[in-house]
Amino acid sequence: MSPETSTTDSAGSHQGSLDFSSVPVSLSLPDDEVHLWLWQAPESIAPRDVSPRARAQLLDLLGRYAGTTPPTLERGEHGKPFVSQAGFPQFNISHGGQCMLFAFSQRQELGVDVDALSRRHSPLELARRFFAAEEASALERPRSTSPSA
């Protein structure tokens, strides 16, 4: 797929260029819906360019949902972006490798995460990093293959 094209699959995932040219100028977001936009960048985009392009597309989509010019992003205490201006939906964004995920909702805070498939960690490495020490060491102990008496 060339950088100038984009498509939407049957699940509503958007793939292709970041111009989202087929997206309507004004987007409707009912109170009881969550919209997810998935974008897979062409390999021709350098990894260092993914984040700035994602931010630009986020601002464009926020403007389309609010029916106005794109807002100014602010950062919360832990770095999560938000818009303090009225009329904009809640949102979250994640990118990993060449993939970007955008989520929007009128009524609830969102959290999404996407990671590159090539970025793999061993389960024990993750357990040591995120679990309590006792939990991680329990996973490291060999399990008995014989049934308990």
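Helix α2 (residues 123-130) and helix α3 (residues 133-140) pack with their axes 7 Å apart and at an angle of about 160°, where axes are lines fitted to C-alpha atoms over the stretch in contact and angles run from 0 to 180 degrees between N-to-C directions. Because angles over 145 degrees count as roughly antiparallel, α2 is roughly antiparallel to α3. This is a predicted model, in which local features need pLDDT of at least 70 and side-chain atom pairs count only at pLDDT 80 or more, while totals for chains, interfaces and linings use all residues. Residues are numbered from 1 along each chain as its sequence is written, and side-chain values use heavy atoms, with hydrogens and water left out.

**The helix pair**
- The contact (heavy atoms within 4.5 Å) is made by Leu 124, Ala 127 and Arg 128 of α2 together with Ala 136, Leu 139 and Glu 140 of α3.
- By residue class, the contact of α2 with α3 divides into four nonpolar, no polar and two charged residues.

**Secondary structure**
- The protein chain holds three helices and seven strands, taken as DSSP runs (helices H or I, at least four residues; strands E, at least two).
- From the N terminus on, these elements follow the order β-β-β-α-β-β-β-β-α-α.

- Among the 149 residues of the protein chain, 33% count as buried, that is, under 20% relative accessible area with a 1.4 Å probe.
- Of the contacts in the protein chain with a separation of 6 or more, 44% come from residues 24 or more positions apart.
- The protein chain exposes about 10000 Å², of which carbon and sulfur atoms supply 51%, by the Shrake-Rupley method with a 1.4 Å probe.

Terms used:
Buried < 20%, exposed > 50% of the residue type's maximum accessible area, 1.4 Å probe, protein only. Parallel < 35°, antiparallel > 145°, perpendicular 65-115°, else oblique. Nonpolar A, V, L, I, M, F, W, Y, C, P; charged D, E, K, R; others polar.
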